[in-house]
Amino acid sequence: MRPRHKKNLEARLEAVGDYYIMLRSESLNHNDVKNEKHLLDLQALFGNENPVYLEVGAGKGQFGCTFAEQNPDKNIICVEKVRDVIVTGCEKAKEMGLKNIKFLDCAAEYLPSFLPEKSFETIFLNFSCPFPKKKYAVHRLTHERFLNIYKELLKDGAPIFQKTDNMHFFEFSIESFSKCGFELSNISLDLHGSDFEGNIVTEYEEKFSSQGYPIYLLEARLK
């Protein structure tokens, strides 16, 4: 479902300018983004040398803001391409007074143009759109084309964590990670019924779990 257009969106985004980074990618050729660089200086962006984490598909920012609050010695960049959604995360971060979180307005396929290689400690994929029809599989954030992007952004040996409520998407992701050279661990078919520690609940996770859906989790690292 497409989010409703928020009133006074431009003014609201301007008010959270310390958190919101708009990167317009329409002029880029997505088939050649690696050769057109506009890289962010992560140290200058956060004003420190703390480790940086990445969430792709941040939604309304509940995960990112909670992560930032619980880990003041870590930085997190939350990527979201829907402006009517990302503004909520920015406002939440501002209200909480967080200093270690930024929201990046950008589609995932353009990240190689803006984010430096081997810079991220972990990538989080929380409740990405499953694009259930097979013809749209290329848009899934665990499709091979995106996994190859993540490979470049992650530090050596760093993990990807994926959570979803969609069993078919989870099965697709397991196959996709395996084909792309990732080794899987911490696979859970019922996260909330497991002994996994440190889980940060997202807004979608709250919704689906309350309706009785199991939450699926995996951790993937390059072999």
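Mentor: In this predicted model, the contact is made by Q62, C65 and E69 in α3, which meet G89, K92, A93 and M96 in α4. By class, these contact residues divide into three nonpolar, two polar and two charged.

Next, the geometry of the pair. Helix α3 covers residues 62-70 and helix α4 covers residues 83-96. Their axes come within 9 Å and cross at roughly 25 degrees. Angles under 35 degrees count as roughly parallel, so α3 is roughly parallel to α4. The crossing of α3 and α4 is right-handed.

The largest pocket has a volume of about 1400 Å³. It is lined by 42 residues, and the closest of them to its centre are E80, V82, F127, C129 and Y204. Both α3 and α4 are among the elements that give two or more residues to this lining, along with β2 (52-56), α6 (144-153) and α8 (203-210). Of the elements, α8 gives the most to the lining of the largest pocket, with four residues. Sorted by class, the lining of the largest pocket holds 19 nonpolar, 10 polar and 13 charged residues.

To tie the two parts together: α3 and α4 meet each other through the residues named above, and each of these helices also gives two or more residues to the lining of the largest pocket.

Definitions and conventions. Residues are numbered from 1 along each chain as its sequence is written. This is a predicted model: local features need pLDDT of at least 70, side-chain atom pairs count only at pLDDT 80 or more; totals for chains, interfaces and linings use all residues. Side-chain values use heavy atoms; hydrogens and water are left out. Axes are lines fitted to C-alpha atoms, for helices over the stretch in contact, and angles run from 0 to 180 degrees between N-to-C directions. Angles under 35 degrees count as roughly parallel, over 145 as roughly antiparallel, 65 to 115 as roughly perpendicular and the rest as oblique. A crossing is left-handed if the near helix is turned anticlockwise from the far one by less than a right angle, and right-handed if clockwise. Contact means heavy atoms within 4.5 Å. Ala, Val, Leu, Ile, Met, Phe, Trp, Tyr, Cys and Pro count as nonpolar, Asp, Glu, Lys and Arg as charged, and the others, Gly among them, as polar. On a 1 Å grid over the protein atoms alone, a cavity is a set of points where a 1.4 Å probe fits but cannot get out, and a pocket is an open set with protein on both sides within 12 Å along at least five of seven lines; lining residues have an atom within 4 Å of a point. Grid points are joined across faces, edges and corners, and a volume is the space filled by probe spheres set on the points.
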